[in-house]
Amino acid sequence: MKRIFILILCLSTFYAYSQYASEDVNAYIAKYSALAEKAMKEYKIPASVKLAQAIYSSEAGQNQVSREANNHFGLLCNTEYTGELYYETSDRSGNCYRMYASTAESFEDHNLFLTKRERYASLFNLAITDYRGWANGLQYCGYSANPEYANKLINIIEKYDLTRFDIKQDVSKPAEPKQIAVSTSEQTQTSIPAEKPEPIATPTPTPETTPAATPSPKPAPQVATNTNKEEANDGIQPDTIINGIEIYIQPRKKVNNNADAANGSIISMHVFTAQPNEYRVSYFPYTKRDVYENNKIKFIIAEKGDTYARIAYETQLNESDLRIYNDAPDEYQPIPGEVVYLQMKSNKSETSYHKLSAGDSFRYVSQKYAVQIKTLMKRNPQPAGGFSEGSLICIDCK
């Protein structure tokens with residue numbers, strides 16, 4: 001009985017992993033190998049690698065995007081793409097893909113995708129028969145976020161003997177791509193629905209700090225319109241207004257109207273901001289914006305005029321996911337300089353504790369250390385007297 005159970009388990013695991021049959025792959029190779037050989041001759045991309053990428057991305061032509069949009073490499077839309085759009089629905093990601101008139105057009109766009117990007121230039125110095133070097137090079141250059149991408153390509157190439165399509169010649173420099181006006185695009189990313197975090201917690205108010213109010217259903221204005229309050233604050237306008245409460249970001253802004261601060265109409269609340277030279281530059285293949293890393297979590301720095309919708313569009317993410325990653329209420333928009341994470345924050349950190357200052361909230365601490373709010377709340381049950389300035393918050397205390 002035990003042997004039967006193990007066999008069933010192995011078979012179920014195999015079928016869960018294999019999304020298409022060998023006959024599908026062989027039929028795909030027979031149908032499209034000529035396009036891969038054409039890419040090899042004109043662009044010096046190994047036919048074996050080209051076919052393996054197409055087989056992997058399109059699931060041998062069986063997935064929805066390749067069948068309905070003729071997109072065999074999962075190339076996504078971006079701000080420069082002006083062709084037809086296709087929104088994938090089977091995985092509920094809502095990703096926007098390029099739509100092509102034919103498979104040949106998809107292969108040609110992918111040829112240009114590899115040859116027109118500087119980060120792939122080193123691959124063209126490899127021998128055209130070095131499929132392993134190409135597969136590992138694609139992963140190293142950030143073609144796919146899947147850590148097993150190179151191994152998957154190599155397995156496909158070896159299993160189906162795709163090297164028979166490669167020619168035996170060395171390539172010393174990149175091929176000159178055809179001068180065709182096409183927009184840039186990046187490799188597929190599937191948006192994974194993230195678990196929605198617990199409601200945002202803020203430290204119990206002290207005379208110096210008051211928790212931010214819940215956003216109103218109406219869009220939050222970005223500047224103050226009350227002339228008297230502007231005068232009372234030495235002409236300094238709030239960074240944002242939420243539910244009638246003016247929010248100022250410290251230490252860049254100083255609020256002098258103590259009367260308004262006392263009755264709760266003005267809050268000095270910290271928002272986690274960063275400068276481009278403060279953090280390690282990171283690679284994120286789905287945007288042209290500068291991307292950085294904090295606690296191994298990728299982020300961009302918001303610019304003037306940014307909204308979560310705009311950032312989502314420019315990074316090929318969903319706005320709802322982006323708000324979940326950053327614990328941002330529906331009507332809240334980032335201010336210039338604010339850190340906006342492109343991934344779900346971590347549960348771990350190299351920092352043990354954070355000492356609360358006036359204006360700190362759990363969201364601020366969460367953003368500062370790139371640790372999920374729900375994790376911070378589990379590690380920091382609210383004491384009977386509440387949190388106050390000077391309280392130690394466990395980030396990842398040992």
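# Close-up views of a predicted model

**View 1. Ile-301 stands opposite Val-339 in strand 9.** The structure is a predicted model, in which local features need a pLDDT of at least 70 and side-chain atom pairs count only at pLDDT 80 or more, while totals for chains, interfaces and linings use all residues. Residues are numbered from 1 along each chain as its sequence is written, and side-chain values use heavy atoms, with hydrogens and water left out. Strands (E, at least two residues) and helices (H or I, at least four residues) are DSSP runs, numbered from the N terminus. Strand 8 and strand 9 run antiparallel and are joined by three bridges; two strands pair if DSSP finds at least two bridges between them. Both belong to an open sheet of four strands in the order 6-7-8-9, with antiparallel pairing. Strand 6 (280–281) and strand 9 (339–341) are the edge strands, each pairing on one side only.

**View 2. Strand 7 and strand 8 form a hairpin.** Two residues lie between the strands, and Asn-295 in the turn has a positive phi of about 55°. Strand 7 (residues 292–294) and strand 8 (residues 297–301) run antiparallel, joined by three bridges. Tyr-292 stands opposite Phe-299 in strand 8.

**View 3. Both faces of strand 8 are covered.** In a regular strand the side chains alternate between the two faces of the sheet. On one side of strand 8 are Ile-297, Phe-299 and Ile-301, on the other Lys-298 and Ile-300, and all are buried. Buried means under 20% relative accessible area, exposed means over 50%, and partly exposed lies in between (1.4 Å probe, protein chains only). Because five of the five residues of strand 8 are buried, the strand is largely enclosed by the rest of the structure.

**View 4. Phe-73 and Phe-107 form an aromatic pair.** The whole structure contains 15 aromatic pairs. The rings of Phe-73 and Phe-107 are 5.0 Å apart, centre to centre, with 75° between their planes, an edge-to-face arrangement. The pair links distant parts of the chain, 34 residues apart: Phe-73 is in the loop between helix 4 (64–69) and strand 1 (85–87), and Phe-107 is in helix 5 (residues 103–115). Rings of Phe, Tyr and Trp (its six-membered ring) pair if their centres lie within 6.5 Å; planes under 30 degrees apart count as stacked, over 60 as edge-to-face and the rest as tilted. Phe-73 is buried at a relative accessible area of 0%, and Phe-107 is buried at 2%.

**View 5. Phe-284 and Tyr-286 form an edge-to-face pair.** The ring centres of Phe-284 and Tyr-286 are 5.0 Å apart and the planes lie at 85°, so the pair is edge-to-face. Phe-284 is buried, with a relative accessible area of 7%; Tyr-286 is also buried, with a value of 3%. Elsewhere, one aromatic cluster is formed by Phe-272, Tyr-279, Tyr-292, Phe-299, Tyr-341 and Tyr-364.

**View 6. The charged end of Lys-50 sits over the ring of Phe-73.** The distance from the charged end of Lys-50 to the ring centre of Phe-73 is 4.7 Å. A charge sits over a ring if NZ of Lys or CZ of Arg is within 6 Å of the ring centre and within 35 degrees of the ring normal. Lys-368 likewise has its charged end over the ring of Tyr-369, 5.6 Å from the centre.

**View 7. Helix 5 is largely enclosed by the rest of the structure.** This description applies because 11 of the 13 residues of helix 5 are buried; among them are Thr-103, Glu-108, His-110 and Leu-114. The buried residues of helix 5 pack against helix 2 (22–43), helix 3 (47–58), strand 2 (96–98) and helix 6 (131–140), where contact means heavy atoms within 4.5 Å. The end C-alpha atoms of helix 5 are 19 Å apart, which agrees with the 18 Å that its 13 residues should span. The expected span of a helix is 1.5 Å times one less than its number of residues.

**View 8. A disulfide joins Cys-394 to Cys-397.** A disulfide is a covalent bond between the sulfur atoms of two cysteines. Here it is assigned to a pair of cysteine sulfur atoms within 2.5 Å, and by this rule the count comes to one. The S to S distance between Cys-394 and Cys-397 is 1.9 Å. The torsion about their S-S bond is about -95°, so the disulfide is left-handed. Cys-394 is buried at 5% relative accessible area, whereas Cys-397 is partly exposed at 29%.
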